[in-house]
Amino acid sequence: MQGNPNAAALEAVLMVVDEPVSATDLAATLDLPQPEVEELLAGLAAEYDAEGRGFELRPVAGGWRFYSRPDFAEVVSRYVLEGQTSRLTQAALETLAVIAYRQPVARSRVAAIRGVNVDSVVRTLVTRGLIEEAGTDPESGAILYQTTSYFLERLGIGSVSELPQLSPHLPGLDDLAAIELEQ
């Protein structure tokens, strides 16, 4: 890839994006055929992996973007989080987890699972772009919520199916199916 002007142009565009960009959009921007752009993306990703760079090029949430390599997560987290005041609260993290694993889900269901009112937390998560409305429940008319592509991007995953599985050893998890049927 080194010395390839199309690969260099692709890198230049990827350096300035703030969200994953599709191969289709990159092809249109660079005025190249999409298969060629896909080949360049795969080649660049392989090249960065082979060289052991501190960053990687990865497909996520329907597009491509540079990310710091997971091996350096601790160092990057320390740098990014020093002095940061806009981290999510414990309540927001718990609410986000319930929505991520249960989506689409109504606010009342999230409140029932957490055992507390989640109205303000849900508004905060919507404002931060981590969740969004996903229609209404046909039975109750309640607004349903789901995670966004920004949420996926922040986690560095392509879909919610890549979320870690909940441990089968969590207290009460054996009764979860029965509880769900009762409601």
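The legends below describe close-up views of one predicted model.

Residues are numbered from 1 along each chain as its sequence is written. In this predicted model, local features need pLDDT of at least 70, side-chain atom pairs count only at pLDDT 80 or more, and totals for chains, interfaces and linings use all residues.

View 1. Helices (H or I, at least four residues) and strands (E, at least two) are DSSP runs, numbered from the N terminus. Along the sequence, the pattern reads α-α-α-β-β-α-α-β-α-α-β-β-α-α. The chain has 183 residues, and 29% of them count as buried. Buried means under 20% relative accessible area, exposed over 50%, and partly exposed in between (1.4 Å probe, protein chains only). Among contacts in the chain with a separation of 6 or more, 46% come from residues 24 or more positions apart. Contact means heavy atoms within 4.5 Å.

**View 2. Helix H1 (residues 5–16) packs with H2 at an angle of about 115°.** Two packed helices are described by the angle between their axes and the distance between the axes. Here the axes are 11 Å apart. Axes are lines fitted to C-alpha atoms, for helices over the stretch in contact, and angles run from 0 to 180 degrees between N-to-C directions. The crossing of H1 and H2 is right-handed. A crossing is right-handed if the near helix is turned clockwise from the far one by less than a right angle, and left-handed if anticlockwise. H1 contributes Asn6, Ala9, Leu10, Val13 and Leu14, which meet Leu26, Thr29 and Leu30 in H2. By class, this contact of H1 with H2 has six nonpolar, two polar and no charged residues. Ala, Val, Leu, Ile, Met, Phe, Trp, Tyr, Cys and Pro count as nonpolar, Asp, Glu, Lys and Arg as charged, and the others, Gly among them, as polar.

**View 3. Helix H2 (residues 23–30) crosses helix H3 (residues 34–51) at roughly 110°.** Their axes come within 9 Å. H2 and H3 are therefore roughly perpendicular to each other, a term for angles of 65 to 115 degrees. H2 passes H3 in a right-handed crossing. Ala23, Thr24, Leu26 and Ala27 in H2 meet Gln34, Val37, Glu38 and Leu41 in H3. The contact of H2 with H3 has five nonpolar, two polar and one charged residues.

**View 4. Asp31 and Ala61 are loop residues with positive phi.** Asp31 lies between H2 and H3. Its phi is near 55°. Asp31 counts as exposed because its relative accessibility is 70%. Ala61 lies between strand E1 (55–60) and strand E2 (63–68). Phi of Ala61 is about 50°. Ala61 counts as partly exposed, at 26% relative accessibility.

**View 5. A cis peptide bond joins Gln103 and Pro104.** Omega is about -10°. Pro104 sits in the loop between helix H5 (90–102) and strand E3 (105–106).

**View 6. Gly135 is found in strand E4 (residues 131–136).** Gly135 is partly exposed, with a relative accessible area of 38%. Leaving out residues up to four places away in sequence, Gly135 touches Ala142, Ile143 and Leu144. Val105 is 30 residues from Gly135 along the chain, and their C-alpha atoms are separated by 9.8 Å.

Note on methods:
Heavy atoms only, no water. Parallel < 35°, antiparallel > 145°, perpendicular 65-115°, else oblique.
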